[in-house]
Amino acid sequence: MLGSCRGYAGPGLLAAVFQRRGINMHYTPVTKKSLFSAAVCALLAAAPAKATIYNEAGSGDLSNDPGTPTALTLTPGSNSVIGTVSGFDNGDGQDWVSFTIPTGFVMTSYVNSKYGSTDDQGFTGFQSGSSFSGDPFVAGSYAGYAHFGTDATNPLPPSSTVGVNLLPLMANPSFSVGATGFTRPLAAGTYTFLIQQGDPVTTSYQFDMNVRSVSVPEPGSSLCLLGMGGLAILALRRRLGYLDRRIR
(Lines give C-alpha, C1' and ligand atoms only; values in the text may rest on other atoms or scores of the structure.)
Protein backbone atom coordinates (compact mmCIF):
# COMPACT_ATOMS: atom_id res chain seq x y z
CA MET A 1 0.00 0.00 0.00
CA LEU A 2 2.68 2.51 1.08
CA GLY A 3 5.01 1.36 -1.68
CA SER A 4 2.56 2.70 -4.28
CA CYS A 5 2.71 6.27 -2.90
CA ARG A 6 5.00 8.35 -5.10
CA GLY A 7 7.20 10.96 -3.46
CA TYR A 8 6.75 9.50 0.01
CA ALA A 9 8.49 11.85 2.45
CA GLY A 10 7.79 10.27 5.81
CA PRO A 11 4.82 9.76 8.14
CA GLY A 12 4.32 13.47 8.80
CA LEU A 13 3.54 14.30 5.16
CA LEU A 14 1.30 11.27 4.70
CA ALA A 15 -0.67 12.15 7.82
CA ALA A 16 -1.14 15.68 6.50
CA VAL A 17 -2.45 14.36 3.19
CA PHE A 18 -5.01 12.21 5.01
CA GLN A 19 -6.08 15.21 7.09
CA ARG A 20 -6.54 17.50 4.07
CA ARG A 21 -8.34 15.10 1.78
CA GLY A 22 -10.19 12.89 4.22
CA ILE A 23 -13.08 13.38 6.61
CA ASN A 24 -12.54 14.85 10.05
CA MET A 25 -13.33 11.69 11.97
CA HIS A 26 -13.27 13.38 15.36
CA TYR A 27 -16.39 15.42 14.59
CA THR A 28 -18.47 13.07 12.41
CA PRO A 29 -21.63 12.10 14.35
CA VAL A 30 -22.14 8.33 14.31
CA THR A 31 -25.15 7.79 16.59
CA LYS A 32 -26.49 4.60 18.11
CA LYS A 33 -29.73 5.22 16.20
CA SER A 34 -28.00 5.37 12.82
CA LEU A 35 -25.94 2.27 13.58
CA PHE A 36 -29.02 0.35 14.73
CA SER A 37 -30.91 1.43 11.61
CA ALA A 38 -28.02 0.30 9.42
CA ALA A 39 -27.84 -3.06 11.12
CA VAL A 40 -31.59 -3.61 10.70
CA CYS A 41 -31.49 -2.56 7.04
CA ALA A 42 -28.57 -4.87 6.38
CA LEU A 43 -30.38 -7.80 7.99
CA LEU A 44 -33.55 -7.11 6.01
CA ALA A 45 -31.64 -6.91 2.74
CA ALA A 46 -29.53 -9.99 3.44
CA ALA A 47 -32.17 -12.44 4.64
CA PRO A 48 -35.81 -11.40 4.20
CA ALA A 49 -38.20 -13.96 5.66
CA LYS A 50 -40.22 -15.86 3.04
CA ALA A 51 -43.11 -18.22 3.60
CA THR A 52 -45.88 -19.82 1.55
CA ILE A 53 -48.88 -19.32 3.83
CA TYR A 54 -51.36 -21.04 1.50
CA ASN A 55 -51.02 -23.33 -1.50
CA GLU A 56 -54.20 -24.78 -2.98
CA ALA A 57 -52.25 -27.81 -4.20
CA GLY A 58 -51.84 -29.00 -0.62
CA SER A 59 -54.40 -27.05 1.39
CA GLY A 60 -57.47 -27.24 -0.83
CA ASP A 61 -59.48 -24.67 -2.74
CA LEU A 62 -59.62 -21.13 -1.40
CA SER A 63 -63.10 -19.95 -0.51
CA ASN A 64 -65.52 -19.14 -3.33
CA ASP A 65 -67.80 -17.20 -0.95
CA PRO A 66 -67.23 -13.46 -0.38
CA GLY A 67 -69.10 -13.70 2.92
CA THR A 68 -66.72 -16.35 4.33
CA PRO A 69 -63.30 -15.84 2.76
CA THR A 70 -60.34 -18.04 3.70
CA ALA A 71 -58.77 -16.26 6.69
CA LEU A 72 -54.98 -15.90 6.78
CA THR A 73 -52.67 -13.94 9.08
CA LEU A 74 -49.60 -12.35 7.53
CA THR A 75 -46.19 -12.53 9.18
CA PRO A 76 -43.13 -10.25 8.84
CA GLY A 77 -41.39 -10.74 5.50
CA SER A 78 -42.83 -12.19 2.29
CA ASN A 79 -46.10 -14.15 2.45
CA SER A 80 -47.06 -16.18 -0.64
CA VAL A 81 -50.49 -17.43 -1.69
CA ILE A 82 -50.61 -19.87 -4.62
CA GLY A 83 -53.77 -21.04 -6.35
CA THR A 84 -55.86 -21.39 -9.49
CA VAL A 85 -59.17 -20.04 -10.78
CA SER A 86 -60.92 -21.54 -13.79
CA GLY A 87 -63.88 -19.35 -14.74
CA PHE A 88 -67.50 -18.89 -13.76
CA ASP A 89 -68.70 -21.63 -16.12
CA ASN A 90 -66.47 -24.11 -14.29
CA GLY A 91 -67.70 -23.04 -10.85
CA ASP A 92 -64.34 -21.62 -9.73
CA GLY A 93 -64.19 -18.10 -11.08
CA GLN A 94 -63.32 -16.45 -7.76
CA ASP A 95 -60.97 -17.04 -4.83
CA TRP A 96 -61.75 -15.03 -1.70
CA VAL A 97 -59.18 -14.58 1.07
CA SER A 98 -58.93 -12.22 4.04
CA PHE A 99 -55.48 -11.10 5.12
CA THR A 100 -54.90 -9.87 8.67
CA ILE A 101 -51.95 -7.53 9.17
CA PRO A 102 -50.93 -7.68 12.86
CA THR A 103 -50.78 -4.59 15.06
CA GLY A 104 -47.49 -2.77 14.64
CA PHE A 105 -47.00 -3.93 11.04
CA VAL A 106 -47.88 -2.73 7.53
CA MET A 107 -48.22 -4.39 4.12
CA THR A 108 -45.87 -2.67 1.71
CA SER A 109 -46.49 -4.69 -1.45
CA TYR A 110 -48.88 -7.06 -3.22
CA VAL A 111 -46.78 -8.63 -5.95
CA ASN A 112 -48.17 -10.78 -8.77
CA SER A 113 -45.06 -12.96 -8.85
CA LYS A 114 -46.43 -15.74 -11.14
CA TYR A 115 -49.17 -16.06 -13.76
CA GLY A 116 -50.05 -18.95 -16.06
CA SER A 117 -53.08 -18.94 -18.37
CA THR A 118 -54.25 -18.89 -21.99
CA ASP A 119 -56.16 -15.74 -20.96
CA ASP A 120 -54.10 -12.57 -20.92
CA GLN A 121 -55.42 -11.28 -17.61
CA GLY A 122 -57.40 -11.80 -14.45
CA PHE A 123 -58.82 -9.38 -11.87
CA THR A 124 -58.02 -8.65 -8.25
CA GLY A 125 -59.36 -6.14 -5.73
CA PHE A 126 -60.01 -5.69 -2.03
CA GLN A 127 -61.99 -3.89 0.63
CA SER A 128 -61.45 -3.43 4.35
CA GLY A 129 -62.99 -6.02 6.67
CA SER A 130 -63.07 -9.76 7.32
CA SER A 131 -65.73 -10.36 4.64
CA PHE A 132 -66.76 -8.67 1.40
CA SER A 133 -69.96 -6.65 1.29
CA GLY A 134 -71.62 -5.16 -1.75
CA ASP A 135 -71.54 -6.15 -5.41
CA PRO A 136 -68.14 -7.52 -6.54
CA PHE A 137 -68.97 -6.36 -10.09
CA VAL A 138 -69.26 -2.70 -9.01
CA ALA A 139 -66.09 -0.58 -8.76
CA GLY A 140 -67.37 1.31 -5.71
CA SER A 141 -67.30 -1.90 -3.66
CA TYR A 142 -63.50 -1.89 -3.69
CA ALA A 143 -60.89 0.18 -1.89
CA GLY A 144 -58.69 -0.58 -4.91
CA TYR A 145 -58.48 -3.02 -7.79
CA ALA A 146 -56.31 -3.96 -10.79
CA HIS A 147 -56.02 -6.46 -13.62
CA PHE A 148 -53.10 -8.86 -13.49
CA GLY A 149 -51.51 -11.17 -16.04
CA THR A 150 -49.18 -11.27 -19.02
CA ASP A 151 -51.03 -8.56 -20.95
CA ALA A 152 -53.08 -6.71 -18.34
CA THR A 153 -55.04 -3.60 -19.24
CA ASN A 154 -54.24 -1.27 -16.36
CA PRO A 155 -52.21 1.53 -17.91
CA LEU A 156 -52.33 1.45 -21.69
CA PRO A 157 -50.81 -0.13 -23.66
CA PRO A 158 -51.41 -3.49 -21.93
CA SER A 159 -48.38 -4.93 -20.15
CA SER A 160 -47.30 -7.82 -17.95
CA THR A 161 -47.75 -7.50 -14.20
CA VAL A 162 -45.57 -10.53 -13.39
CA GLY A 163 -43.13 -9.36 -10.73
CA VAL A 164 -45.01 -6.08 -10.26
CA ASN A 165 -46.27 -4.62 -6.97
CA LEU A 166 -49.96 -3.94 -7.69
CA LEU A 167 -50.63 -1.70 -4.68
CA PRO A 168 -49.58 1.51 -6.49
CA LEU A 169 -51.92 0.68 -9.40
CA MET A 170 -54.75 -0.20 -7.05
CA ALA A 171 -54.31 3.07 -5.15
CA ASN A 172 -54.18 5.20 -8.32
CA PRO A 173 -57.66 6.57 -9.16
CA SER A 174 -56.64 6.85 -12.82
CA PHE A 175 -56.36 3.05 -13.01
CA SER A 176 -58.73 2.00 -10.20
CA VAL A 177 -61.57 4.18 -11.46
CA GLY A 178 -64.54 4.45 -9.09
CA ALA A 179 -62.88 2.68 -6.13
CA THR A 180 -63.13 4.28 -2.69
CA GLY A 181 -59.34 4.54 -2.35
CA PHE A 182 -56.78 3.72 0.32
CA THR A 183 -53.42 4.86 1.68
CA ARG A 184 -50.19 2.93 1.17
CA PRO A 185 -48.75 1.02 2.90
CA LEU A 186 -51.77 -0.88 4.19
CA ALA A 187 -52.05 -0.40 7.94
CA ALA A 188 -52.73 -3.10 10.52
CA GLY A 189 -56.18 -4.64 10.14
CA THR A 190 -58.07 -7.20 8.07
CA TYR A 191 -58.73 -6.87 4.34
CA THR A 192 -60.70 -9.17 2.04
CA PHE A 193 -59.15 -9.79 -1.38
CA LEU A 194 -60.72 -11.22 -4.53
CA ILE A 195 -58.67 -13.09 -7.16
CA GLN A 196 -60.79 -13.70 -10.24
CA GLN A 197 -60.80 -15.28 -13.70
CA GLY A 198 -64.19 -14.99 -15.35
CA ASP A 199 -63.39 -16.82 -18.58
CA PRO A 200 -63.56 -20.65 -18.70
CA VAL A 201 -59.78 -21.20 -18.65
CA THR A 202 -57.53 -22.44 -15.86
CA THR A 203 -55.41 -19.59 -14.53
CA SER A 204 -52.63 -20.22 -12.01
CA TYR A 205 -51.25 -17.40 -9.89
CA GLN A 206 -48.97 -16.49 -7.02
CA PHE A 207 -49.25 -13.33 -4.98
CA ASP A 208 -46.57 -12.24 -2.50
CA MET A 209 -47.50 -9.85 0.30
CA ASN A 210 -44.56 -8.14 2.00
CA VAL A 211 -45.03 -7.11 5.63
CA ARG A 212 -42.69 -5.07 7.80
CA SER A 213 -42.74 -3.48 11.25
CA VAL A 214 -43.78 0.17 11.39
CA SER A 215 -40.63 0.81 13.48
CA VAL A 216 -38.28 -0.47 10.78
CA PRO A 217 -37.46 1.91 7.89
CA GLU A 218 -37.78 0.56 4.38
CA PRO A 219 -34.51 -0.23 2.57
CA GLY A 220 -33.50 2.92 0.69
CA SER A 221 -35.22 5.30 3.13
CA SER A 222 -33.31 8.34 4.44
CA LEU A 223 -32.92 6.81 7.91
CA CYS A 224 -31.66 3.56 6.44
CA LEU A 225 -29.16 5.39 4.23
CA LEU A 226 -28.04 7.51 7.20
CA GLY A 227 -27.39 4.38 9.21
CA MET A 228 -25.44 2.72 6.40
CA GLY A 229 -23.42 5.90 6.06
CA GLY A 230 -22.67 5.77 9.78
CA LEU A 231 -21.34 2.24 9.48
CA ALA A 232 -19.22 3.22 6.50
CA ILE A 233 -17.71 6.13 8.43
CA LEU A 234 -17.02 3.92 11.43
CA ALA A 235 -15.30 1.36 9.22
CA LEU A 236 -13.21 4.11 7.59
CA ARG A 237 -12.19 5.46 11.00
CA ARG A 238 -10.93 2.03 12.00
CA ARG A 239 -9.11 1.58 8.68
CA LEU A 240 -7.34 4.93 8.95
CA GLY A 241 -6.43 4.19 12.55
CA TYR A 242 -4.90 0.90 11.42
CA LEU A 243 -2.91 2.64 8.67
CA ASP A 244 -1.74 5.29 11.10
CA ARG A 245 -0.42 2.58 13.43
CA ARG A 246 1.32 0.87 10.50
CA ILE A 247 2.97 4.14 9.38
CA ARG A 248 4.27 4.92 12.84
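Predicted model: local features only at pLDDT ≥ 70, side-chain atom pairs only at ≥ 80, totals over all residues.

Biologist: With which side chains does the side chain of Asp 208 make a polar contact?

Modeller: One is the side chain of Ser 80, at 2.6 Å, and another is the side chain of Gln 206, at 3.0 Å. Asp 208 itself lies in strand 10, residues 203-213, and among the residues it touches are Ser 78, Asn 79 and Tyr 110.

**Aromatic pairs**

Biologist: How many aromatic pairs are there?

Modeller: The count comes to 15 aromatic pairs. In one of them, the ring centres of Phe 123 and Tyr 142 are 5.5 Å apart and the planes stand at 75°.

Biologist: Why is the pair of Phe 123 and Tyr 142 called edge-to-face?

Modeller: Centres within 6.5 Å make a pair, and planes over 60 degrees apart make it edge-to-face. The values of 5.5 Å and 75° meet both conditions, so the name applies to Phe 123 and Tyr 142. Phe 123 belongs to strand 6 and Tyr 142 to the loop between strand 6 and strand 7, so the pair ties together parts 19 residues apart in sequence.

Biologist: What makes the pair of Tyr 142 and Tyr 145 edge-to-face?

Modeller: Their ring centres are 6.1 Å apart and their planes are at 65°, so this pair is also edge-to-face under the 60-degree limit.

Biologist: How do you know that Tyr 142 and Tyr 145 are buried?

Modeller: Buried means under 20% relative accessible area. Tyr 142 has 1% and Tyr 145 has 13%, so both are buried.

**Nonpolar cores**

Biologist: Which residues have the most contacts inside the largest nonpolar core?

Modeller: They are Tyr 110, Met 170 and Phe 193, in a core of 29 residues. Strand 10 gives the largest share of this core, four residues. A second, separate core of six residues includes Trp 96, Tyr 142, Tyr 145 and Leu 194.

Methods. Residues numbered from 1 in each chain as written. Heavy atoms only, no water. Phe/Tyr/Trp six-rings, centres within 6.5 Å; stacked < 30°, edge-to-face > 60°. Helix = DSSP H or I, 4+ residues; strand = E, 2+ residues; numbered from the N terminus. Buried < 20%, exposed > 50% of the residue type's maximum accessible area, 1.4 Å probe, protein only. Polar contact = N/O pair within 3.5 Å; in protein donor to acceptor, adjacent residues only side chain to side chain. Contact = heavy atoms within 4.5 Å. Core = buried A, V, L, I, M, F, W, Y, C linked by side-chain atoms within 4.5 Å. Lists of a residue's contacts leave out its neighbours within four places in sequence.
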